[in-house]
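These are my notebook entries on one structure, kept in the order in which I looked things up. I wrote down each cut-off where I needed the term.

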Amino acid sequence: MSLYLLRRLLISAPVLLGISIVLFAILALAPGDPFGELALNPNIPPEVRLNLRQQFGLDDPLVLRYLRWLAAMLRGDWGYSFVSRMPVQLLIMQRLPTTLFVLGSAYVMALMIALPVGILSAVKPYSVFDQIATTLAFIGYSLPTFFTGLLFILVFSISLGWLPFIYSSTIEATGFAWVLEHLRQGAMPITVLGLFEAAALTRFVRASMLEVMPQDFVTTARAKGLRESRLIFKHALRNALIPVVTVVALQIPTIFTGAVITEQIFRVPGIGSLLIASIESTDTPVVMAITFVYAMLVILFNLIADVVYGFLDPRIAYN
Amino acid sequence: MASSTRVLRTTRNIVARPQSLWRNIWRRFCRHRLALLGLLVLLVLTLGTLFGPMVYQRKINDIDFTASLQGPGLAHPLGTDDMGQDLLARILYGGRVSIAVGLTSMLIAVLLGTLVGAVAGYCGGSIDNVLMRLTDLFISLPQLPLLLLVVYLFRDTMRRLFTPELGSFLLIVLVIGGLRWMQPARLVRAAFLSLKEKEFVEAAVALGTPPLRLVVWHLLPNAMSPVIVAASLGVGSAILAESSLSFLGLGFPPDMPTWGRLLFEAKDYLDTAPHWALFPGTMIFLVVLSINYVGDGLRDALDARKVL
């Protein structure tokens, strides 16, 4: 298993490299001197400007600039934010836990909905339950998060007044009250994101289970006289989940789309809302770094998917 | 006399008219009731946004502060925004932009994807390997952050090079299309790999068909069904991508009210003017839902394995 993991890790290194090349290429192709805002400031005399340009190596060949940039990114030296005048990595580290908390909880919620609903739908296909579930999943899948988010605010904050619609990172409570307050303010963003993911996942789980259920090994297990519950969870589900994991891994980049939007709607102080704010204030180092962080998150989640593969089907890990 | 016509008619029924491929597909598509309904909704909405402004001639930027934030009423069927601009006119105009973006960017994605997939599948070997690694790389790119990054870096240049409207449109369409070609590419490649081994292709090769003709005439038409399904669903996701971008305030300029842009402007007035957000949001939802159902229906109709 550890050897298998090492191999996957080695495979993901070139992907990260590729993403960094794409990122840098976009930056290099962009008009103007996105990193050179300081150097272009008219208040700075020309000789100082020239010095700065040399110091930052803005006139060096592209390949050299790329390697220097990559080395700095890997060392964790991501430059200074133009706006908040602090190291970018610190800024991001402050925000990242919130993003991961919202994203993780939403995903757990999506799994808790999608697995039982998808399995029940597939076990009794075309039943009333299945039809209602499939229709709801279809609708949920077509509802964009920015619209559901606004609807949730309209219903739960404005009409009913149950939940706050602004996420605050400084809660003046301790112990149990602190946890409760965190859940209360996280409820809406997590639910919006979780429901959207659940809708997509339910469809995959159902389709995958439907394909596994009529297979010979399931019939054999049933002929042996296994209990239906054991049959479903031990034999069918484990095999049905393998394609589901593939789809989930492929979907991860899309999930971040929803996360950025949800953070923006509910003003969750995560890296998604930081990205939008930085774009509005043309804070290029932060924008670049956050895009890079998202790329790394994609790769990290793909690695997790690989581990799950190995767990679901040990043959994959040993081959 | 009478009996002979009856005989004639019965024989005609038995022999049955030759069925064309497209008629067959259409008949299968019609079995999916919701897909048919989706197609109808899409048609109505598209025609509405195309011809609606000719019938409903109110301007999208008529500012009237005495009528700001009004709910739906006689003067303004869908109400007004904070500057008293008519929402129905803005939604009709926004629909044009959103649908145009969806169609154009999907066209770009499908053309690009088909090209990559066809080259990879036809050539095979190391070319295939390189192209597929490239596809994998693009799949693992974080879509929205990258979309935002590109729009952020190139927005001003594009607006300067063309008019602000055309510049934004081209940039958004190119970026959305450029980040969505991977699925068609994979589908075309997979279809090519299996088609290359078929007898009719071997026959065509044996007859001396030149490669380009082989690809365009023999391989591509047979690889298109899954691509059509993916493309139809892709229009929906492209509309969503554009709306997300506009919702974050980074899509079109303010004087071009797309549905996402309308939501972006409306979100701070949810408590006083919920209608402002509800109408454009419902439009996005309706269009995407209909497209998804149409895609579902197309999948059923084009799947040759399914026998009627």
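**Entry 1: two neighbouring helices of chain B**

I began with helix α6 (residues 143-161) and helix α7 (residues 164-178) of chain B, whose axes come within 8 Å and cross at roughly 145 degrees. An axis here is a line fitted to C-alpha atoms, for helices over the stretch in contact, and the angle runs from 0 to 180 degrees between N-to-C directions. Helices (H or I, at least four residues) and strands (E, at least two) are DSSP runs, numbered from the N terminus. I noted that the crossing of α6(B) and α7(B) is right-handed; a crossing has that name if the near helix is turned clockwise from the far one by less than a right angle, and is left-handed if anticlockwise.

I then listed the residues that make the contact, where contact means that two C-beta atoms, placed from the backbone, lie within 7 Å. From α6(B) they include B:Leu147, B:Phe154 and B:Arg159, and from α7(B) they include B:Pro164, B:Leu171 and B:Val175. The residues of this contact divide into eleven nonpolar, two polar and two charged. For that division, Ala, Val, Leu, Ile, Met, Phe, Trp, Tyr, Cys and Pro count as nonpolar, Asp, Glu, Lys and Arg as charged, and the others, Gly among them, as polar.

**Entry 2: what I am looking at**

I reminded myself that this is a predicted model, in which local features need pLDDT of at least 70 and side-chain atom pairs count only at pLDDT 80 or more, while totals for chains, interfaces and linings use all residues. Residues are numbered from 1 along each chain as its sequence is written, and chains are lettered from A and ligands numbered from 1 in the order in which they are written. The model scores ipTM 0.81 and pTM 0.84. Chain B averages a pLDDT (the predictor's confidence in each residue, from 0 to 100) of 83, and 90% of its residues score at least 70.

I next looked at α2 (residues 21-31) and α12 (residues 274-302) of chain B, whose axes come within 8 Å and cross at roughly 130 degrees. The two helices are therefore oblique to each other, since angles under 35 degrees count as roughly parallel, over 145 as roughly antiparallel, 65 to 115 as roughly perpendicular and the rest as oblique. α2(B) passes α12(B) in a right-handed crossing. Among the residues that make the contact are B:Ile25 and B:Phe29 of α2(B) and B:Leu298 and B:Ala301 of α12(B). This contact divides into five nonpolar, one polar and two charged residues.

I found 13 helices and zero strands in chain A, and buried residues make up 34% of its 319 residues. A residue is buried if 20 or more other C-beta atoms lie within 10 Å of its own, exposed if 12 or fewer, and partly exposed in between, with C-beta atoms placed from the backbone.

Between the chains, 39 residues of chain A are in contact with 34 residues of chain B. Elements of chain A that give two or more residues to this side include α1 (2-29), α10 (228-266) and α12 (284-312). I noted that this side of chain A divides into 32 nonpolar, seven polar and no charged residues.

**Entry 3: single residues**

Is A:Ala236 buried or exposed? A:Ala236 lies in helix α10 of chain A, and it counts as buried because it has 23 C-beta neighbours inside 10 Å. Not counting residues up to four places away in sequence, A:Ala236 touches A:Met209, A:Val212, A:Met213, A:Val218 and A:Leu231.

B:Gly95, in helix α4 (residues 87-123) of chain B, is also buried, with 24 other C-beta atoms within 10 Å. The C-alpha atoms of B:Gly95 and B:Val287 are 192 residues apart along the chain, and 9.6 Å separates them.

Most residues other than glycine have a negative phi. A:Tyr126 counts as exposed because it has 9 C-beta neighbours inside 10 Å.
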